[in-house]
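Have it open while you read, and go through the points in order.

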Amino acid sequence: MMVLGISGLPNAQRYLARSGPDPLDERICQGLDSAAALVVDGVVVAAAAEERFSGVKGTGALPVNAIDYVLREAGVSRDDVDAIAHGFDYDGFRRVFARQQDYFAEVLSGRTVIDALTEAGWRDVERRFRPVTHHVAHAASAYLPSGFGSALCVVSDGMGETEALSVYRARDGRLDKVHSQPISDSLGLLYSICTRFLGFQFNSDEYKVMGLAAYGDPARNRSVFDKLVSFDPESGGVRVNWPRGSLADAELGYPHARAFLAEGAGFTPRVPDGQVHPEEADFAAALQAKLTGVLADLVAHWMEKTGERDLCLAGGTFLNCKSNQILCDLPGVDRVFVQPAAGDDGSALGAALHVAGSYAGSVPFNPYTGPSYAADEVGAELERRADELGLAWRQVGLTEEYFALAAEDIAADRVIAWFHDRMEWGPRALGNRSILALPKGDRIKERINGLIKFREPFRPFAPAVFDADCATLFETPAKDPVRYMLCTARVREEHRESVAGIVHADGTARIQLVRRDLNEKFWTLLSEVKQRTGVGCVVNTSFNVKGQPLIMAPGTALDTFTATSLSRLYIEGFVVWKKSQSS
């Protein structure tokens, strides 16, 4: 059986744009982060987010380019697809939106997706269309590739159709819901409103708040969040006690909720200027502490109640690697799986797996599901554009010399770009579209943030670590989230100086453990780095600049390399440098 999974609501952003929202509110809508995934006979053949093709970060548009890619990767046509799974099923909740009929018809109804596919040239869409409830799609995206026979599966995001957090007992391929809570009690929505309160973009910049939190003291605003958010041991749920009317006027950036936060916190945040200010950092720290605390209470409650010992997590809330660290460390949790595309892009994969009737343990999972480019394609791009861009290059091939050259550059404190094989699934660079550097390099955070990434100086960098060195450098359980840069760990005190560039303000780092069986090329590079530096660890940040999606194709890689202060680009056996530099 061949199932195409898609996410996104193609008309949502256009509908919101009519209200002329503040740029910080342009993502207050459902159906963002559209993506496509193709599952053939239970095997994930390909998956990618639409933003990687269109260049529009977080777009919710119909993922036409991503769809074309996954079909091309499988060598099949549109007519070969047996079912089209969509990661929303609002039609089952039509009565809830009785007072918003126009909005429902234009944005939420499955008909909008059917019509958009038809307009894109698909035939016989309605017969093949299979909507999947949003949280079921999320849950399936985590449980089915986990390899766990049975598990507790927790989904938390801003909102699904009518719910914002759900808990499932998963076993033998089934998802049995044991708890659900409504949008009014949404932890994801709380975090996004607080993100907007701090002057960052809603539904986009939550990771900045997570990074900022490490600089603050949660005590200052603890009482604000203790009154607002609580875990209820009787129901096993989380309650968010917004005053009546706080969630009105969403399209205006939740002004009532923000006013309530300002009153409780006793300040109005300034416009972000890239610096760390104590009031904002303390607020972020209290928010992060509360999120982590109630999630830990909720997970511990349901693990004990169900008797499960393995844990699956999905939904945008679980891109929060600080909270994931605490959940991984909970007593009684043996194994944890967090879907690398835990946000709404991952619901495309989950919807496809759910409709395909896949079973846990039968879905081979590999995070490298995107496009790849052959050496001759890269060579043709260099032949065509190198002179125009002022670039020089030579083809070394994927030889011992190639890996040695890259490792020598890193050891010499040069910042390089690394582009190989299939693109990563999800928002985190996992060594195939990465910027790499020496963790103890001179002013390495300042150099990368200011001269290469063009982003806020308080933003942390993540390490990719050679598997044999992980336990030496970090205090972390060997659980799957560390493979996908979805969990932080404390950096061991005695090694902090040697990897200073990846140590965050709170002494932790968001690690990626690199194993040979998952990524042999990246593993080989790290082994070469270790031979030269004594430490099998590099700074690993995504190959892009502020506001740009993770780079997918060689042409974009050349453009971005040219526009930044990167020293070298290593791309499918080619070494590329600027003519203004020596070779």
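1. Start with Arg414. Leaving out residues up to four places away in sequence, Arg414 touches Glu408, Asp409, Leu436, Ala437 and Ser567, where contact means heavy atoms within 4.5 Å. The side chains of Arg414 and Asp409 make a polar contact at 2.8 Å. (A polar contact is a pair of N or O atoms within 3.5 Å; within protein, one must be able to donate a hydrogen and the other to accept it, and residues adjacent in sequence count only if both atoms are side-chain atoms.) Arg414 sits in the loop between helix H16 (400-411) and strand S14 (416-419). Helices (H or I, at least four residues) and strands (E, at least two) are DSSP runs, numbered from the N terminus.

2. Buried means under 20% relative accessible area, exposed over 50%, and partly exposed in between, with a 1.4 Å probe and protein chains only. As for Phe88, it is 326 residues from Arg414 in sequence and 45 Å away in space, C-alpha to C-alpha.

3. A word on the source: this is a predicted model, numbered from 1 along each chain as its sequence is written. Local features need pLDDT of at least 70 and side-chain atom pairs count only at pLDDT 80 or more, while totals for chains, interfaces and linings use all residues; side-chain values use heavy atoms, with hydrogens and water left out.

4. Now the cores. The largest nonpolar core has 170 residues, and Leu4, Leu187, Leu311 and Phe474 have the most contacts inside it. (Such a core is a set of buried Ala, Val, Leu, Ile, Met, Phe, Trp, Tyr and Cys residues joined through side-chain atoms within 4.5 Å.) Helix H12 (residues 278-306) gives the most to this core, 13 residues. There is also a second, separate core of 23 residues, with Ala392, Val514, Val529 and Tyr570 among them.

5. Phe474 deserves a click. Beyond its neighbours within four places in sequence, the contacts of Phe474 include Pro463, Ala489, Ile502 and Ala509. Strands S17, S18 and S19 form an open antiparallel sheet in that order, with S17 (474-475) and S19 (508-510) as the edge strands, each pairing on one side only. Two strands pair if DSSP finds at least two bridges between them. S18 (residues 488-491) and S19 share three bridges, and Ala489 stands opposite Ala509 in S19. Helix H13 (residues 321-328) lies across S18 and S19, at about 80° to S18; axes are lines fitted to C-alpha atoms, for helices over the stretch in contact, and angles run from 0 to 180 degrees between N-to-C directions.

6. Next, two hairpins. S2 (residues 35-40) and S3 pair antiparallel over six bridges, and Val40 has Val43 as its partner in S3. Two residues separate these strands, and Asp41 in the turn has a positive phi of about 50°. Five of the seven residues of S3 (residues 43-49) are buried, so S3 is largely enclosed by the rest of the structure. S9 (residues 229-232) and S10 (residues 237-240) run antiparallel, joined by four bridges; with four residues between the strands, that hairpin has Gly236 at a positive phi near 75°.
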